Amino acid sequence: MGLFNKKKIQVFKPKPRRNIGVVGLGMIGGSIAKALVANMDGANLVGVDPRADVLDCCIKDHIINFGHADFSILRGCEAVFVCTPIETVPDVIAKVYSAVGDSAVISDVAGVKRQVFAGLPHGIRFVSGHPMAGSEKQGFENSDAALMEKCTYILIREINTLKADFDLIKGIISSFTDNIIETDAGGHDSAAAAASHLPHIIAYTLAKTVLSDECAASVIAGGFKDITRIAQTETALWVNTCRLNEKAVTARIDEYAAQLASVRGMIEKKQWDALKAYFNEARELRLAINKTDGAEKGKGK
């Protein structure tokens, strides 16, 4: 009887693709979806949005693999990002949890966390986050992966946050940015009030103050347009942000008002050396951001 060489048959067993859900494919949700497509291999994106035209566009452009208005399509996802308007987030989180239960880790991108944590369903696996990125323009048509790539992304770690769930969301986020900051909900709301909410309030009030003056409005230039660019943002978001983060926002307004009062006092008292020192200090603080940005860009080369 002859002998045969037995060769081991190699069988390719592809790893199962990860399913990640994105609820709300507007400017932020669309940007997150595009950033994941561009930077994360081996994932199916599942989109939920009430607008059929947006879902059709996302599927046509290969941004999502599956899309529907019904939350039940999220079953089978290991993580779901809720990217709906800030005032709707608690309700949408509850609907997502009703659809997926504890089979998925749910995250959100809301700019205020207090009301999000106040209404979480019992038993939910939840890791809150907030990408510090955006635009004065809204809608999926203005979404861009570049908004998320290398952005500062805040992740919220509370006492009852499970490490495995936190690491899962952090791992997904790190596919498009390594600039991840960890804090708790209270720390987030205070920092966001200073770095995001206050600048929008300043932009709106500056635009109102200057552009209501016909003579002043006739001589505005690039500097004024740069400072007030974000005053072009739809106002509903920022009214709701102020409403939901009232204490932190008013505290930051008081701090800023005190700084303005200090500058006014130096001018009134003709303390020009003190004013120059104040401006120089502010200038150096702002220049430090440029140095940090340059260092971050250098890492990516």
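Of the 301 residues in the protein, 38% are buried, where buried means under 20% relative accessible area, exposed over 50% and partly exposed in between (1.4 Å probe, protein chains only). The model is predicted, so local features need pLDDT of at least 70 and side-chain atom pairs count only at pLDDT 80 or more, while totals for chains, interfaces and linings use all residues. Residues are numbered from 1 along each chain as its sequence is written, and side-chain values use heavy atoms, with hydrogens and water left out.

**The whole chain.** Display the C-alpha atoms: they fill a box of roughly 110 × 40 × 40 Å, taken along the principal axes. The protein has 12 helices and 8 strands; these are DSSP runs numbered from the N terminus, with helices (H or I) of at least four residues and strands (E) of at least two.

**Strands E4 and E5.** Select residues 79-82, strand E4, which runs parallel to E5 and is joined to E5 by 4 bridges; strands pair if DSSP finds at least two bridges between them. Opposite Ala79 stands Val105 in E5. Right-handed means that, with the strands pointing away from the viewer, the path from the first strand over the helix to the second runs clockwise. Now select E5, residues 105-108: Val105 and Ser107 on one side are buried, as are Ile106 and Asp108 on the other.

**Strands E7 and E8.** Move to E7 (residues 153-156) and E8 (residues 180-183), a parallel pair joined by 4 bridges. Leu155 has Glu182 in E8 as its bridge partner. Helix H6 (residues 163-173) carries the chain from E7 to E8, and this β-α-β crossover is right-handed.

**A pocket.** Next select Phe117, Leu120, Ile124, Arg125, Phe126, Glu158, Asn160, Thr161, Leu162 and Asp165, which line the second largest pocket. A pocket is an open set of points on a 1 Å grid over the protein atoms alone, where a 1.4 Å probe fits, with protein on both sides within 12 Å along at least five of seven lines; lining residues have an atom within 4 Å of a point. The volume of this pocket, the space filled by probe spheres set on the points, is about 170 Å³.

**Helix H11.** Finish at residues 246-268, helix H11, whose 23 residues should span 33 Å at 1.5 Å a residue; the end C-alpha atoms are 32 Å apart, which agrees. The expected span is 1.5 Å times one less than the number of residues. Its buried residues are Ala248, Val249, Val263, Gly265 and Met266. After H11 comes Lys270, with a positive phi near 60 degrees.
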